[in-house]
Amino acid sequence: MLVLFDIVIIGAGPAGGSAALFAAKAGKKTLLVDSDKSMTKRAWMENHYGIMEISGPDLIETGKKQAAKFGAELVTDQVTNIVKGEQGLTVETAEKGSFEAKHVILATGALVDLAEKAGVATKAGTEPRIKTVVDVDAQGKTNVAGIWAAGTVAGVSVHTIITSGDGAKVAINVISELNGERYVDHDVLKTN
Ligand SMILES: Cc1cc2nc3c(=O)[nH]c(=O)nc-3n(C[C@H](O)[C@H](O)[C@H](O)COP(=O)(O)OP(=O)(O)OC[C@H]3O[C@@H](n4cnc5c(N)ncnc54)[C@H](O)[C@@H]3O)c2cc1C
C-alpha cells in the first residue's frame, strides 16, 4: 500500500512552495512535486512586499527550504496523471512512481495539461498570455473532489506576491477542511 500524504502539491513555484510551507508547518504530511519549469526562474522582483529585491531562482529556492524545514518532502519529477486511488487520489509521476494523497493542490503555473488529463474543468484565462486556467471556486476547489488549484493556474494575477498568497490561502482552506475547523498560523514575537 502506498504511503498516504495529507496534501500533495504539484508545482514548486511561488504558489506551490507557499502552499507546501503552510501545509508542512501545520503538521500535515506534505509532498511537493516539481518538474523545474517555473516561469519564475526568469524573473527579477522589485515588487514583492517586504523584500527589497530578489531573483526568481532565489525566491523559489528559499521557499523550498522553508517548506523542507517543516518536514515537506520534495521530489523532482513530472506528474503525468491524477486518478482515484484506494485511499484517496493517486498522483502518478514519470520516473518516481506513484503517491497517494487525501488532497492535491495543482500549482502548475501556465500549464493546464495535467489538470485536463485528470478531468479537472478549465476555462478561459483573463491575465495577459494566460489562455486557459482551472475553474475554481472561491476556496480553490475544482470540480474533482480532493483536487484544488492555486496561483497562475487558478487564474489569479501573475505576480509573485499574489500567486504565493493564493497558494497560502488554498493550503489554509485544505488544512481547515482536514482539521474540521478554521486554521490560523500565528507565531508571536518573543520579548525578554
Ligand atoms: C520574465 C518574467 C519576469 C517576471 N517578473 C515578475 C516581477 O517582476 N514581479 C512579479 O511579481 N512577477 C513577475 N513574474 C511573474 C511570476 O513569475 C509569476 O507571477 C509567479 O511566479 C507564478 O507562480 P506560479 O507558482 O503560479 O507558477 P510557476 O512559477 O510557473 O510554477 C509552476 C511550477 O509547476 C511545475 N509544473 C507544471 N506542471 C507540472 C507537472 N505536470 N508535474 C510537476 N510539476 C509541474 C513547473 O515546473 C513549475 O515549477 C515574471 C515572470 C516572467 C516569466
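Why is strand 2 (residues 30–34) largely enclosed by the rest of the structure? The legends below start with that strand. This is a predicted model, in which local features need pLDDT of at least 70, side-chain atom pairs count only at pLDDT 80 or more, and totals for chains, interfaces and linings use all residues. Residues are numbered from 1 along each chain as its sequence is written, and side-chain values use heavy atoms, with hydrogens and water left out.

**View 1. Strand 2 is covered on both faces.** Strand 2 is largely enclosed because five of its five residues are buried; buried means under 20% relative accessible area, exposed over 50%, and partly exposed in between, with a 1.4 Å probe and protein chains only. Look for Thr 30, Leu 32 and Asp 34 on one side, and Leu 31 and Val 33 on the other. Helices (H or I, at least four residues) and strands (E, at least two) are DSSP runs, numbered from the N terminus.

**View 2. Strand 2 pairs with strand 1 and with strand 5.** Two strands pair if DSSP finds at least two bridges between them. Strand 1 (residues 4–10) runs parallel to strand 2, with four bridges, and Ile 7 has Thr 30 as its bridge partner in strand 2. From strand 1 the chain goes through helix 1 to strand 2, making a right-handed β-α-β crossover (with the strands pointing away from the viewer, the path from the first strand over the helix to the second runs clockwise). Strand 5 (residues 73–76) is also joined to strand 2 by four bridges, in parallel, and here Val 33 is partnered by Val 75.

**View 3. Helix 1 meets helix 4.** Two packed helices are described by the angle and the distance between their axes. The axes of helix 1 (residues 14–25) and helix 4 (residues 160–179) come within 7 Å and cross at roughly 35°; axes are lines fitted to C-alpha atoms, for helices over the stretch in contact, and angles run from 0 to 180 degrees between N-to-C directions. Residues in contact (heavy atoms within 4.5 Å) include Phe 22 of helix 1 and Gly 167 of helix 4.

**View 4. Two residues other than glycine have a positive phi.** Asp 36, with phi of about 60°, lies in the loop between strand 2 and strand 3 (44–45). Asp 36 counts as partly exposed, at 42% relative accessibility. Arg 129, with phi near 70°, sits in the loop between strand 9 (122–124) and strand 10 (132–134), and Arg 129 is exposed, at 79% relative accessible area.
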